[in-house]
Amino acid sequence: MSRYLGRKLLIYLLTFFLAVTIDWLIPRLMPGDPINVMISRLGPRNPQEVQLLREYYLKIFALDVPMWQQYINFWKSVFRGDLGRSTLFFPRPVLDIIKASVPYDILLLLPAILLSWFAGNNFGALAARRRWLDNTVLPLGYILTATPYMWLALLLAWALGIVAGIFPIAGAYSFDLRPHLSWRFIQDLLLHWFLPFLSLFMVMFGGWAIGMRNMIIYELEADYSRYLEALGAPQGLIRRYAFRNALLPQITGLALQLGTIVAGAVATEVVFAYPGIGNLIVQAIQNQDYFLIQGCFLFIILGVLLANLLIDIAYVIVDPRTRLGMTGEAA
Amino acid sequence: MGLKRSEFLFFAWRNRKLRIGVSIVIFFVILAIVGPFLTKYPPNEYVEAAAFPPSKEHWFGTTIFGQDVFSQFVHGLKATFVVGLIGGTIGTFLGILIGFTAGYRGGMVDEVLNMVTNIVLIIPTLAVLIIIAAYLTVRGILTESVLIGLTAWPWAARAIRAQTFSLRVRDYVDLARMSGVGSMKIIFGEIAPNMMSYLLLVYILQFGGAVLNAAALDFIGLGPTNTISLGLMMNYALLWAALPLGIWWWFVPPGLAITAIVGALYVTNVGLDEVFNPKLREM
């Protein structure tokens with residue numbers, strides 16, 4: 001088990017290293033100079049002012065030291081949790097702004113991911129090799145999983161928000177409320193939460209249902225299923241065994257899907273103006289708030305790594321082979 | 001696998017999923033090619049009254065600025081196929097290169113490549129695309145497609161590596177190796193023909209993935225700055241209050257087209273899988 005998890009941890013550490021490096025490198029590799037953009041936004045009137053501003057910015061962003069020094073400094077500040085200050089929400093530190101957004105991401109993503117995984121797997125398993133169910137679930141699943149997240153979000157917002165008028169379509173709570181612990185606020189929060197949740201849930205559900213349906217069909221073709229069948233075991237029992245075996249690749253699949261889920265979350269949050277990190281990074285881009293972009297990127301990576309780790313632990317619990325030192329299928 | 005051409009076409013035509021999927025994709029390809037000639041309005045020109053519902057004059061209505069939605073739609077379709085084609089090709093090519101090398105060479109090369117693949121696989125593609133695109137002030141469809149292709153290869157590499165592994169140890173490959181056939185000849189003569197069907201499936205998925213990624217990127221405002229695309233249409237629709245104003249004809253067609261194209265690609269994939277793998281055929 002320690003070998004399995006150790007190997008994984010090494011990969012995650014290297015991933016984090018690479019991510020921080022990308023985060024540092026990309027702004028420096030790109031054509032055009034963010035500082036020029038910031039200077040031109042202030043609209044200096046003469047070259048002297050430009051020069052002054054340039055020196056000022058170089059200093060506060062610590063760009064006046066050699067490259068390698070900048071890189072080391074970047075790492076130091078990452079470990080100190082100092083991600084710089086936002087220009088969009090000046091003078092708030094980037095870390096504070098992100099911290100305020102993270103709870104909304106957890107509120108939205110955790111239930112959407114877990115419930116869609118659970119429901120999709122059970123539904124897909126139910127549908128496999130059952131003609132009538134299969135013929136309805138399969139096409140529906142393919143349509144859902146091919147749907148761009150933002151389009152389903154737009155459709156839901158329009159149909160249930162505007163036309164039916166049941167749900168609000170923007171923000172995490174009403175503008176006339178402040179976050180506090182009261183029944184009224186929680187009700188309001190849930191009402192705002194439902195549509196973004198539903199659109200994420202539906203798209204992911206389609207993918208899990210199809211994946212499980214296909215896995216079950218493979219498993220029902222496997223030797224152990226055929227053997228059980230030949231012994232005259234009841235169908236229900238064979239299906240139960242098939243389900244448990246098919247679940248393993250679905251757990252690995254969850255880890256592989258995290259990237260897509262991040263993309264979906266960003267698009268969905270933008271549609272509903274939901275104040276998570278996805279919405280934040282887009283706002284940061286529109287306002288060329290480079291520190292905020294960097295900070296959001298780092299937090300997205302951290303979130304994905306943490307999720308990967310949790311999935312690995314779940315995998316170790318579910319698959320005894322990993323505990324016995326046989327690495328199983330995922331290495 | 002190992003089907004003769006005529007046999008392949010026979011099973012392909014008999015497969016309902018394949019027929020439906022391919023027909024839908026071809027329909028949209030034709031629409032993307034012919035569409036621009038069917039409309040007399042340039043996609044971004046302000047031609048008519050604003051927010052006009054679909055009519056005989058403007059088939060899909062007009063935007064809040066009075067642009068013709070149908071014209072934007074068909075031009076956006078073209079962009080969608082360009083991104084899929086270029087992004088999908090680059091992603092598949094890199095996937096083949098890395099996955100095949102790792103799987104065929106094995107040993108240290110495999111260890112290193114596999115490690116790299118696993119690392120890149122964890123980093124969310126869109127997050128990387130976001131920070132790259134955020135710093136590029138001028139972006140075209142081509143840049144976007146290349147970026148998408150360059151970040152899309154990891155899962156393909158992993159899948160192809162596994163496939164190569166299983167083919168490499170087959171008896172007929174061993175036999176060829178023992179009879180002193182050269183490496184290149186084994187790869188192209190023994191292994192590649194048996195992988196073609198699999199690679200086709202990978203390519204289709206990469207194509208669909210590139211289309212979805214481009215849509216997401218365009219939607220959050222990091223798409224091409226100089227043309228129109230389906231994702232951009234939805235972006236504009238959201239930004240300019242198409243929802244509260246009820247201009248549904250602005251955002252429904254682009255999303256519907258993406259869903260139909262990507263869904264059709266997935267269904268085509270399942271159909272092809274059934275044609276190549278008789279075990280999966282419907283009983």
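This note covers the domains of chain A and the fold of chain B.

1. Conventions. This is a predicted model; local features need pLDDT of at least 70, side-chain atom pairs count only at pLDDT 80 or more, and totals for chains, interfaces and linings use all residues. Residues are numbered from 1 along each chain as its sequence is written, with chains lettered from A and ligands numbered from 1 in the order in which they are written.

2. Domains of chain A. Chain A splits into domain 1 (2–80) and domain 2 (99–320). These bounds come from an automatic or database domain assignment. The C-alpha centres of the two domains lie 33 Å apart. Their contact takes 12 residues from domain 1 and 11 residues from domain 2. Contact here means C-beta atoms, placed from the backbone, within 7 Å.

3. Domain 1 side of that contact. α1 (2–29) and α2 (34–42) of chain A each supply at least two residues. The largest share, 10 residues, comes from α1(A). Helices are DSSP runs (H or I, at least four residues), as are strands (E, at least two), numbered from the N terminus.

4. Residue classes on that side. There are nine nonpolar, one polar and two charged residues. Nonpolar covers Ala, Val, Leu, Ile, Met, Phe, Trp, Tyr, Cys and Pro; charged covers Asp, Glu, Lys and Arg; the others, Gly among them, are polar.

5. Chain B. It has 12 helices and zero strands. The C-alpha trace spans about 75 × 45 × 30 Å along its principal axes.

6. Packing in chain B. Of its 283 residues, 47% count as buried (20 or more other C-beta atoms within 10 Å of the residue's own, C-beta atoms being placed from the backbone). Among contacts between residues at least 6 apart in sequence, 71% join residues at least 24 apart.

Methods
Contact = placed C-beta atoms within 7 Å. Buried ≥ 20, exposed ≤ 12 C-beta atoms within 10 Å, placed from the backbone.
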